[in-house]
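Here is a short briefing on one protein chain. Please look over the sequence and the fold before reading on.

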Amino acid sequence: MRVKMSEPLTQPPTPAQNAGAKIEEIDEEKLERRDNIRWLARLAAKEEQISNMISSAVYSVKNEILRKAIEIADKTFKEEVVKFAKEIAENEKDLTKIRLNAIEIYAGLKAVDTIVNKLLEKYTYRYSDDLVDEDNVIAEMREKTQSIVTYFLEKYLLYDGVLDDGKQLLEKIIDNLYYYYTISEIKPGLEKDIKMIREQIESDHDIVKATYAILNDMLDLMRDNYDDGLSEGYEAYEELERNYVGRYQVCKVYNQNIVLCSPYGVYLANNIHFRRIVKHAIEAYAHFKTIEALYKIMKEALQEFNINTGEFEKRLAELISKTTSIIEEIMNYK
């Protein structure tokens, strides 16, 4: 007996069904974006909780540098986290500004997290359970903010990471990208000043043992953040170098590609992956801002002991400025 074939159990979606699925996808994306924006905005409401938690440690320490660390951690949270969270809350529709504010919040939280959980915890955990609670709320905020920054990059920045003509944008950032190469391979960077400061501290017998230990720990944190920040910056530069095609006296079109001819050489501008560059630049920025916060803590002590800091402040300001410029050029590019 011949069995009649039945109709397929599953039919291809109709145009109306496709349209419905598309609307649903768009709605989910809008909800995710709204939830992330509102989460950032709600950080402003954490001001009193975090301030009380950080400040509670002041009763357990006598060392002036640690007291300064508590002050700077609290101030950084208010000025680098709460401030930008409030700006987001006031205007939840300016996506470009929200993305930049999210980066500032992330950098601020990284600085606070470093001070609280890598410096103060070592000297205050025996006396203050409030300072570093079991939930480690500051670290969780930092991690969540980092994930939101990544979300914004993946969803709302140069969708595939490259531009049909990246020449104009590359021209704006190439000098600053090469700066990472310069201080990595040619000129001395912060490591020279950090080493010089450490040597002076080690040779100054007027510095008591406890203060010496704290300053040394802070210099270690600075050096770690500098190494990590510079590594991220160099990765951003490497994205440029992956698209290097040589040096020419006269700039020519290379295999029909759009190229940028610069004093550094010729680059395939339309192959540059700008999302990778800005992602590394954001991480570098967070590390450099952490160094800035640590330096604010120890600056008064260094002045008190007549420690020569060399070009530390100038070099750090330059690092932050150039990294900020890269981030803003890419994030604001239309």
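The points below go from the whole chain to single elements and one residue.

This is a predicted model. The protein chain holds 10 helices and 3 strands. Of its 334 residues, 48% are buried.

**Overall layout**

- From the N terminus, the elements run α-α-α-α-α-α-α-α-β-β-β-α-α.

**Helix α7**

- Helix α7 covers residues 190-203, which makes 14 residues.
- From first C-alpha to last, α7 reaches 20 Å. That is close to the 20 Å expected at 1.5 Å a residue.
- Which residues of α7 are buried? They are Leu190, Asp193, Ile194, Ile197, Arg198 and Ile201.
- These residues lie on the same side of α7, because they cover an arc of only 135° around the axis.
- The other side of α7 carries the exposed residues Lys192, Lys195 and Ser203.
- What do the buried residues of α7 pack against? Their partners are α8 (209-241), α9 (274-304) and α10 (312-332).

**The α7/α8 pair**

- The axes of α7 and α8 come within 10 Å. They cross at roughly 170°.
- Angles over 145 degrees count as roughly antiparallel. The two helices, α7 and α8, are therefore roughly antiparallel to each other.
- On the α7 side, the residues that meet α8 are Leu190, Glu191, Ile194, Ile197, Arg198, Ile201 and Glu202.
- On the α8 side, they meet Tyr212, Leu215, Asn216, Leu219, Asp220, Met222, Arg223 and Tyr226.
- Arg198 of α7 is among the residues that meet α8, and Arg198 is also buried.

**The sheet**

- Three strands form an open sheet in the order β1-β3-β2. The pairing is antiparallel.
- Which strands lie at the edges? They are β1 (244-246) and β2 (259-262), and each pairs on one side only.
- Neighbouring strands of this sheet are turned by 30° against each other on average, direction ignored.

**The β2/β3 hairpin**

- Strands β2 and β3 form a hairpin, with 2 residues between them.
- How many bridges join β2 to β3? There are 4, and the two strands run antiparallel. Strand β3 spans residues 265-268.
- Val259 stands opposite Leu268 in β3. Leu260 has Tyr267 of β3 as its bridge partner.
- Helix α6 (residues 167-186) lies across both β2 and β3. The angle between α6 and β2 is about 40°.

**Thr76 in helix α3**

- Thr76 belongs to helix α3, residues 64-90.
- Is Thr76 buried or exposed? Thr76 counts as buried because its relative accessibility is 11%, and the cut-off for buried is under 20%.
- Setting aside neighbours within four places in sequence, Thr76 is in contact with Val81, Gly108, Ala111, Val112 and Ala293.

Conventions. Residues numbered from 1 in each chain as written. Predicted model: local features only at pLDDT ≥ 70, side-chain atom pairs only at ≥ 80, totals over all residues. Heavy atoms only, no water. Expected span 1.5 Å × (residues − 1). Buried < 20%, exposed > 50% of the residue type's maximum accessible area, 1.4 Å probe, protein only. Arc of directions from axis to C-beta. Contact = heavy atoms within 4.5 Å. Pairing = 2+ DSSP bridges. Axes fitted to C-alpha atoms, helices over the stretch in contact; angles between N-to-C directions. Parallel < 35°, antiparallel > 145°, perpendicular 65-115°, else oblique.
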